[in-house]
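Visitor: I am new to this structure. Could you show it to me and let me ask how you know what you say?

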Amino acid sequence: MLLTPTTETDQWRALQAHAAAMEGVTLRQLFDDDPHRAAELSIEAAGLYVDFSKNRITAETRDLLTAVADAADVAGQRDAMFAGERINTTEDRSVLHTALRRPRSDSLIVDGVDVVAEVHRVLDGMAGFCDAVRSGEWRGATGAPISAVVNIGIGGSDLGPAMAYRALRPYSDRTRTFRFVSNIDPSDLHEALIDLDPATTLFVVVSKTFGTIETLTNARSARAWLTDALGQDAVSKHFVAVSTNAERVSEFGIDTANMFELWDWVGGRYSVPSAVGLSLMLAIGPGGFRRFLAGMHELDQHFLTAPASENLPMLLGLLGIWYTNFLGAETNAVLPYSDHLSRFPAYLQQLDMESNGKGVDKQGRTVTVDSGPIVWGEPGTNGQHAFYQLIHQGTRLIPAELIGFVEPTDPIGDHHDLLMANLFAQTEALAFGSDDDDPQRRFAGNRPTTTILADRLDPETLGRLIALYEHKVFTMGAVWGINSFDQFGVELGKVLATAIAPELVGDQPLTHDPSTNALIARYRRTREH
């Protein structure tokens with residue numbers, strides 16, 4: 001028997017009625033009516049302080065949202081994920097990124113295998129390798145120590161480690177250069193290698209199947225750059241792999257002793273705490289990486305045990321449902337007030353939009369409400385001088401999450417106080433606006449924000465933030481009844497690109513649609529000249 005979609009339950013209909021009753025109610029009214037609102041709608045847990053009070057909600061809204069979560073059995077789906085059940089139904093797989101950060105003392109048996117023990121076996125291998133590189137024991141083909149690391153991947157094999165390295169650069173080994181190559185555009189690889197020495201460069205090739213065309217194309221060109229300078233035998237000292245496919249890794253020329261294992265129960269966009277984070281571990285050290293995992297695990301435990309009304313990621317996800325499906329918002333802005341988190345919004349774009357950008361549910365039925373908001377953002381204060389105008393005075397409703405830290409990573413004068421003053425001021429201005437006789441200068445306010453504060457941006461806090469958003473995305477997908485853990489939508493374009501690539505040279509007949517045929521023909525003519 002097919003499960004009833006959440007959108008057809010009494011709880012969903014009750015929330016619809018509540019949304020209609022809330023129409024016209026402003027944040028200014030809500031604060032005027034309840035002087036204790038800020039305290040009642042703020043939660044501190046797992047090292048994070050989250051202020052929900054500047055959202056267009058009441059305590060009743062929260063209760064109705066958690067009732068919807070109950071109707072969708074979000075808690076049951078969560079528990080099934082943590083237990084290793086095959087909740088990725090389209091690919092018949094478990095979803096166990098949370099196992100990647102469980103402590104060594106834990107155990108989780110899935111299909112007869114203790115996956116926690118397997119995770120720590122790989123983590124120990126990564127740690128030994130990273131210690132050898134960082135100490136200078138691992139040397140390149142000429143005997144020189146490694147001074148540059150180039151991560152080659154794409155999607156989750158790039159966004160995760162690149163974002164995390166940027167975020168944690170103050171905790172990294174500053175004597176070495178770390179670069180990340182993902183785009184098949186040759187300029188990406190060219191700029192990464194232009195000032196490096198092959199004798200002191202290590203490549204980390206990250207591909208789950210070792211068949212991703214962009215990654216392998218970049219890796220082959222990097223191998224040619226290395227072997228032109230040092231010879232074919234140098235590959236074993238300058239290339240390591242992160243993959244599930246030992247046969248393809250060996251065919252590429254990488255010694256499988258230098259391959260770090262992945263599992264099919266780890267999706268790419270959830271994989272930075274796995275061996276995909278090898279470049280990050282090389283940068284911040286095994287100790288820093290384990291702190292990163294510990295922060296994730298702390299938030300995992302909060303998600304697993306806190307009641308819905310006090311559960312940070314669940315409430316964030318339910319707010320996403322509220323704005324997307326009841327108040328008509330189409331986007332979600334993530335605005336970190338930290339330059340080190342400049343890549344965090346891009347990371348969350350993949351996490352959210354690849355997970356929940358689906359139009360059918362787990363039973364193959366059409367999803368009858370909007371799913372998957374458009375996620376975007378830039379760091380403050382840069383964004384304030386770019387797109388905040390639209391958030392403040394535009395015609396669209398844009399819920400925003402602002403992320404800030406009490407302590408500066410790099411203290412210089414009063415910079416950090418001014419930065420945080422801007423964060424607090426923006427949430428106030430967006431919520432309450434200002435009156436002015438001139439309509440051009442009037443701010444209506446009533447623009448919702450959630451503020452996320454932590455003491456400092458360190459490995460633990462970054463882990464908490466990543467896990468917070470992972471479980472927010474999970475909650476939204478669970479309510480919509482969709483599978484947040486496949487990504488078939490990325491495949492069709494890749495298949496067609498493989499067919500088109502050989503047609504860009506030569507004069508074979510073209511059998512695509514008229515527009516695509518004309519574009520290929522135009523490209524051919526120009527390249528010939």
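Visitor: In which loop is Thr 381 found?

Guide: First, a word of care: this is a predicted model. Thr 381 is found in the loop between β11 (374-376) and α15 (388-393).

Visitor: What kind of peptide bond joins Gly 380 and Thr 381?

Guide: A cis peptide bond. Its omega is about 10°.

Visitor: Where is Ala 46 found?

Guide: Ala 46 is in the loop between β1 (42-45) and β2 (48-51). Phi of Ala 46 is near 50°, a positive value in a residue other than glycine.

Visitor: What joins β1 to β2?

Guide: There are 4 bridges between β1 and β2, and the two strands run antiparallel. Pairing needs at least two bridges. The 4 bridges meet that cut-off, so β1 and β2 count as paired. Ala 45 stands opposite Leu 48 in β2. The hairpin of β1 and β2 has 2 residues between the strands, and Ala 46 takes its positive phi there.

Visitor: Is Ala 46 called buried or exposed, and why?

Guide: Buried. Its relative accessible area is 13%. Buried means under 20%, so Ala 46 falls in that class.

Visitor: What makes Asp 92 stand out in phi?

Guide: Asp 92 has a positive phi of about 55° although it is not a glycine. This residue is found in the loop between α5 (74-83) and β3 (109-110).

Visitor: Why is Asp 92 called partly exposed?

Guide: Its relative accessible area is 48%. Buried is under 20% and exposed is over 50%.

Visitor: With which residues is Val 266 in contact, leaving aside its neighbours within four places in sequence?

Guide: Leu 100, Lys 208 and Ser 271. Contact means heavy atoms within 4.5 Å.

Visitor: How far apart are Val 266 and Ser 94?

Guide: In sequence, Val 266 and Ser 94 are 172 residues apart. In space they are 8.4 Å apart, C-alpha to C-alpha.

Visitor: What is the order of the open sheet of 5 strands?

Guide: The order is β6-β5-β7-β8-β9, with parallel pairing.

Visitor: Why do β6 and β9 stand at the edges?

Guide: β6 (177-181) and β9 (259-261) each have a single partner strand, so one side of each is left without a neighbour in the sheet. On average, neighbouring strands of this sheet are turned by 20° against each other, direction ignored.

Visitor: How many bridges join β5 to β6?

Guide: 5 bridges join β5 (148-152) to β6, and these strands run parallel. Val 150 stands opposite Arg 179 in β6.

Visitor: Which strands does helix α6 touch?

Guide: Helix α6 (115-135) packs on the sheet and touches β7 (201-206), β8 (239-243) and β9. Its direction makes about 150° with that of β9. Helix α7 (156-167) lies across β5, β6 and β7, and runs at about 150° to β6.

Visitor: How many cavities of 30 Å³ or more does the structure hold?

Guide: The structure holds 3. Of the 17 residues that line the largest cavity, the closest to its centre are Gly 320, Tyr 323, Asn 332, Pro 399 and Glu 401.

Visitor: Which element gives the largest share of that lining?

Guide: α13, with 5 residues. By class, the lining of the largest cavity has 8 nonpolar, 6 polar and 3 charged residues.

Visitor: What lines the second largest cavity?

Guide: Its lining includes Asn 332, Val 334, Leu 348 and Lys 472. β10, α14 (344-356) and α17 each give two or more residues to the lining of the second largest cavity. About 40 Å³ of space lies in this cavity.

Visitor: How do the residues of this lining divide by class?

Guide: The lining of the second largest cavity has 6 nonpolar, 1 polar and 2 charged residues. Val and Leu count as nonpolar. Lys counts as charged, so Lys 472 is one of the charged residues in this lining.

Key. Residues numbered from 1 in each chain as written. Predicted model: local features only at pLDDT ≥ 70, side-chain atom pairs only at ≥ 80, totals over all residues. Heavy atoms only, no water. Buried < 20%, exposed > 50% of the residue type's maximum accessible area, 1.4 Å probe, protein only. 1 Å grid on protein atoms, 1.4 Å probe; cavity = no way out; pocket = protein on both sides within 12 Å on 5 of 7 lines; lining within 4 Å. Points joined across faces, edges and corners; volume = space filled by probe spheres on them. Axes fitted to C-alpha atoms, helices over the stretch in contact; angles between N-to-C directions.
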